Structure formats: C-alpha cells, structure tokens
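These are notes for a colleague who has not seen this model before. Please read the points with the structure open.

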Amino acid sequence: DTKETSSIQSNEINLNKKLRDWRRGKAMEKGHSVFCIFSNKVLSAITVARPRTLSELLRVKGVGQLKLTEYGADILRIVSANGAEPESNSQCEGIPK
C-alpha cells in the first residue's frame with residue numbers, strides 16, 4: 001500500500017513539474033507572468049484530475065473555453081505522456097469508477 005501510494009505521489013509530482021515547466025515556457029513565449037497562463041491551484045487540479053479529453057479538462061475549475069482552446073491540446077499531451085490515470089489497484093479491477 002505504501003509503495004503504491006508513494007508511486008502515485010511521485011507520478012503526481014512529476015506531472016505537476018512538467019505542467020509548471022510547460023507553463024513557464026508558454027509565459028516566456030508570450031511575455032506574460034506564469035500565473036496569466038494557469039495558477040498553481042489550477043495546475044494542481046489538472047494533476048489530480050488527469051483529464052483525457054478536452055471536455056474533461058473543461059470540467060477542471062479554472063479552465064475556461066478560452067484557455068481550453070489556447071492550451072488544451074498541450075495540457076492533454078503532457079497528461080497523456082505522463083499516464084492518463086494512476087496505476088489501478090488490482091483489488092479493484094472490474095469495479096466501476
């Protein structure tokens with residue numbers, strides 16, 4: 001249990017870092033503050049939600065239609081590259097989520 005929990009936490013930390021790195025790059029490219037792209041709170045919510053589609057990303061608080069259009073594909077690519085979902089618990093296989 002502890003090993004699986006630390007693996008999930010490490011995956012979340014890694015994903016959040018990649019999202020922050022992407023945000024920094026976007027901010028520099030546009031000449032904006034990083035928080036004009038997404039706040040830390042929104043990036044954390046994306047990290048936890050791990051959206052797989054634009055409609056799932058739109059459900060994350062702080063992601064509106066404008067930011068979805070502008071940044072949605074990038075966010076989904078980063079989330080997908082870091083695993084869309086935490087690894088499943090074999091004891092829960094077959095149980096609807």
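Is Trp22 buried or exposed? With a relative accessibility of 11%, Trp22 counts as buried, where buried means under 20% relative accessible area, exposed over 50% and partly exposed in between, using a 1.4 Å probe and protein chains only.

1. Basis of the notes. This is a predicted model, in which local features need pLDDT of at least 70 and side-chain atom pairs count only at pLDDT 80 or more, while totals for chains, interfaces and linings use all residues. Residues are numbered from 1 along each chain as its sequence is written, and side-chain values use heavy atoms, with hydrogens and water left out.

2. Overall layout. The chain contains 5 helices and 0 strands, giving the pattern α-α-α-α-α along the sequence. Helices (H or I, at least four residues) and strands (E, at least two) are DSSP runs, numbered from the N terminus.

3. Burial and surface. The chain has 97 residues, and 28% of them count as buried. Its accessible surface is about 6500 Å², with 54% belonging to carbon and sulfur atoms; the areas come from the Shrake-Rupley method with a 1.4 Å probe, and for residues only the protein chains shown count as cover.

4. Contacts along the chain. Take contacts (heavy atoms within 4.5 Å) between residues at least 6 apart in sequence: 55% of these join residues at least 24 apart.

5. The nonpolar core. A nonpolar core is a set of buried Ala, Val, Leu, Ile, Met, Phe, Trp, Tyr and Cys residues joined through side-chain atoms within 4.5 Å. The largest one here has 18 residues, and those touching the most other members are Leu19, Trp22, Phe38, Ile46, Leu57, Val63 and Ile75. Two or more residues each come from helix H1 (2-30), helix H3 (40-49) and helix H5 (65-81), and H5 gives the most, with 6 residues. In soluble globular proteins, nonpolar side chains tend to be buried together.

6. Which residues is Ile75 in contact with, leaving aside neighbours within four places in sequence? They are Leu19, Trp22, Phe38, Ile46 and Leu57.

7. Aromatic pairs. The whole structure has 3 aromatic pairs. Rings of Phe, Tyr and Trp (its six-membered ring) pair if their centres lie within 6.5 Å; planes under 30 degrees apart count as stacked, over 60 as edge-to-face and the rest as tilted. Trp22 and Phe38 make a tilted pair, 6.4 Å centre to centre with 35° between the planes. Trp22 is in helix H1 and Phe38 is in the loop between helix H2 (34-37) and H3, 16 residues apart. Phe38 counts as buried, at 1% relative accessibility.

8. Tyr71 is buried, with a relative accessible area of 6%. Trp22, Phe38 and Tyr71 form one aromatic cluster.

9. A charge over a ring. Lys67 lies over the face of Phe38, 5.2 Å from the ring centre. The criterion is NZ of Lys or CZ of Arg within 6 Å of the ring centre and within 35 degrees of the ring normal.

10. Leu58. Leu58 belongs to helix H4 (residues 54-58) and counts as partly exposed, at 34% relative accessibility. Not counting residues up to four places away in sequence, Leu58 touches Val63, Gly64, Gln65 and Leu68.
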